[in-house]
Amino acid sequence: MNHQPFEVWMFADQALTFEQKRQLQAHLRICSQCAALAEVSLALHSAKVVAPASGFADRFQVRLAAQRKTQRQRNFWGFLILVLSGLGVLLWLTWPVLGMVVNSPAKILSAWLSFLLAFWFSIQALAEAGTVLWRVMPALIPPHIWALITFVFTGWSLLWVLSIWKFARIPQGV
Ligand SMILES: [Zn+2]
């Protein structure tokens, strides 16, 4: 029996014409060998149907990547706009100072340095005074003042606790 061109047709990628299909079906009915081949071909074709799924998955991945890229770009532009507008506001606020700096940089720098030095020295002086005061204070303040301070502090704490207790009680009373 001549199995051609049916073997070729069964494994052909292009679709068969109506006449070719009719002839193939007729041959398959009488030829068990080609019928077996047809089953293989069918299996192969259904495997080929699965194949585009990976292509689809690839396309999906590509689309997802593109979306992510767009999102990143959007985030980037949003961030850039935020930073630029922030800088603009900052520039607008500091423009007079900036103008002064541009006009006389050395003067501003020296003024800033002297300010920093003065700030540093005053902090040092304050810290020194604080430590001295902390050491000297107990001896300077008479005992009855201490008693008064303790009394006021205790009374204040008591009032505070009472007010908290009162506020805590209100929801339960109602
Ligand atoms: Zn055959």
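This is a predicted model: local features need pLDDT of at least 70, side-chain atom pairs count only at pLDDT 80 or more; totals for chains, interfaces and linings use all residues.
**Histidine 3 and the zinc site**

I then listed the ligands of the zinc ion. The ion is coordinated by His3 through ND1, His27 through NE2, Cys31 through SG and Cys34 through SG, at 2.0 to 2.4 Å. I checked the angles that the four donor atoms subtend around the zinc ion; they run from 99 to 127°, and therefore I recorded the arrangement as tetrahedral. For comparison, I noted that the ideal angle for four tetrahedral donors is 109.5 degrees.

Along the sequence, I read the spacing of the donor residues as H-x23-H-x3-C-x2-C. Histidine 3 belongs to the segment before α1 (6-10), whereas cysteine 31 sits in the loop between α2 (18-30) and α3 (32-103); the pair therefore ties together parts that are 28 residues apart in sequence.

Setting aside residues up to four places away in sequence, I found histidine 27 touching Met1, Asn2, His3, Phe6 and Cys34.

**The peptide bond before proline 5**

I checked the bond between glutamine 4 and proline 5 and found a cis peptide bond, with omega about 5°. I noted for reference that most peptide bonds are trans. Proline 5 is placed in the segment before α1.

**The nonpolar core**

I asked which residues make up the largest nonpolar core. I found nine in all: Phe6, Trp9, Met10, Leu16, Leu24, Leu28, Cys31, Cys34 and Ala38. The elements giving two or more residues to this core are α1, α2 and α3. Of the elements, α1 gives the most, with three residues. I recorded as background that nonpolar side chains tend to be buried together in soluble globular proteins.

Apart from neighbours within four places in sequence, leucine 24 is in contact with Phe6, Trp9, Met10 and Leu16.

I also looked up serine 41, which is found in helix α3. Serine 41 counts as buried because its relative accessibility is 5%.

**Helix α4**

I compared the span of helix α4 (residues 105-140) with expectation. At 1.5 Å a residue, the 36 residues should span 52 Å, and the end C-alpha atoms are 50 Å apart, so the two values agree. I then searched for a bend and found one of about 35° at tryptophan 134, with proline 138 following within four residues.

**The chain overall**

The chain has five helices and zero strands, and I read the pattern along the sequence as α-α-α-α-α. Buried residues come to 8% of the 174 residues. Of the contacts with a separation of 6 or more, 55% are between residues 24 or more positions apart.

Definitions and conventions:
Residues are numbered from 1 along each chain as its sequence is written. Side-chain values use heavy atoms; hydrogens and water are left out. Donors are N, O and S atoms within 2.8 Å of the metal (3.2 Å for Na, K and Ca); water is not among the atoms, so sites may look incomplete. Four donors count as tetrahedral if all angles lie between 85 and 135 degrees; four count as square planar and six as octahedral if opposite donors are over 155 degrees apart and all others between 65 and 115; anything else is irregular. The expected span of a helix is 1.5 Å times one less than its number of residues. The bend at a residue is the angle between axes fitted to the seven residues ending there and the seven starting there. A nonpolar core is a set of buried Ala, Val, Leu, Ile, Met, Phe, Trp, Tyr and Cys residues joined through side-chain atoms within 4.5 Å. Buried means under 20% relative accessible area, exposed over 50%, partly exposed in between (1.4 Å probe, protein chains only). Contact means heavy atoms within 4.5 Å.
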